[in-house]
Amino acid sequence: TGGNVGIGTSGPTAKLHIYEANGTSASATNGTIFIEKGDNQSKQSIVFKSNMSSDDYGAIEYLDGDSGYERGKLIIKVQNNGDTGNARDQIIFHNSGRDMMTIGGSGIGIGVVNPGNTLQIFESGSGTSAGPNTGTILLQHQNAGGKNSITFRSTVNAGSDYGAIEYEDGNGSNELGILRLIAENDGTGTYEDQVRIKIAGSDRVRFASNGVSINTTADPSYTL
């Protein structure tokens, strides 16, 4: 009708218009649109062609396995042969009239249109104060006495050395909350691990295994 194709409807309003009376949940054998192939460990795809350049396109791909494993991958792809500056490709997750997450630019942005960092979060208004149920980032675990952590992996000695921020909410029988700043080094050489507090451009307090130093550039050599 008018260049449109309708399946299940006599009045299609788009180039392809599918109508189901009850809808169809996705499964391994069913779907509103079901795409199947004859081989394995290969891709199926839906491609959106660009008119900006013959090399540009967007696509949704499904790979059902590789290297002999049933390692399925759903790939959302955008390809641009001029992927620099304002022309950098993006994948955007949109909900309720807002761009909620953007993958592109230089990383992943939450509330950010063009992220300039590996992970960048933007909150409108005055942001979010920390509270028992609120925060810009909220980490939670299931069991009492458990821990949440953010770990910074070392490249110098990966697998052994690391830094971390860790919160423990008690031992299961009390509410003894503990916030730990961790610097862990498996070596015993010249360099001593430290936790430092930096204010106004300078390391004001330094913690190490042999003590604390305050308002000095010297490493800790005494205890409080």
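In the predicted model, the side chains of Gln194 and Arg196 are joined by a polar contact of 2.7 Å. Gln194 itself is placed in the loop that runs between β12 (178-184) and β13 (195-199), and, because its relative accessibility is 18% and the limit for a buried residue is under 20%, Gln194 counts as buried. When neighbours within four places in sequence are left aside, the residues in contact with Gln194 are Ala183, Arg206, Phe207, Ala208, Asp219 and Pro220.

The strand β12 also belongs to an open sheet of three strands, in which the order is β10-β11-β12 and the pairing is antiparallel. The edges of this sheet are formed by β10 (147-153) and β12, each of which pairs on one side only, and neighbouring strands are turned against each other by 10° on average, with direction ignored. In general, the strands of a sheet pair through backbone hydrogen bonds, in either a parallel or an antiparallel manner. Between β10 and β11 (residues 162-168), which run antiparallel, there are seven bridges, and Phe152 stands opposite Gly163 in β11.

Ser67 is located in the loop between β4 (57-63) and β5 (73-79), and it counts as exposed because its relative accessibility is 59%, where the limit is over 50%. Ala200 lies in the loop between β13 and β14 (202-208), and its relative accessibility of 70% means that Ala200, too, counts as exposed.

How values were computed
Residues numbered from 1 in each chain as written. Predicted model: local features only at pLDDT ≥ 70, side-chain atom pairs only at ≥ 80, totals over all residues. Heavy atoms only, no water. Helix = DSSP H or I, 4+ residues; strand = E, 2+ residues; numbered from the N terminus. Buried < 20%, exposed > 50% of the residue type's maximum accessible area, 1.4 Å probe, protein only. Polar contact = N/O pair within 3.5 Å; in protein donor to acceptor, adjacent residues only side chain to side chain. Contact = heavy atoms within 4.5 Å. Pairing = 2+ DSSP bridges. Axes fitted to C-alpha atoms, helices over the stretch in contact; angles between N-to-C directions.
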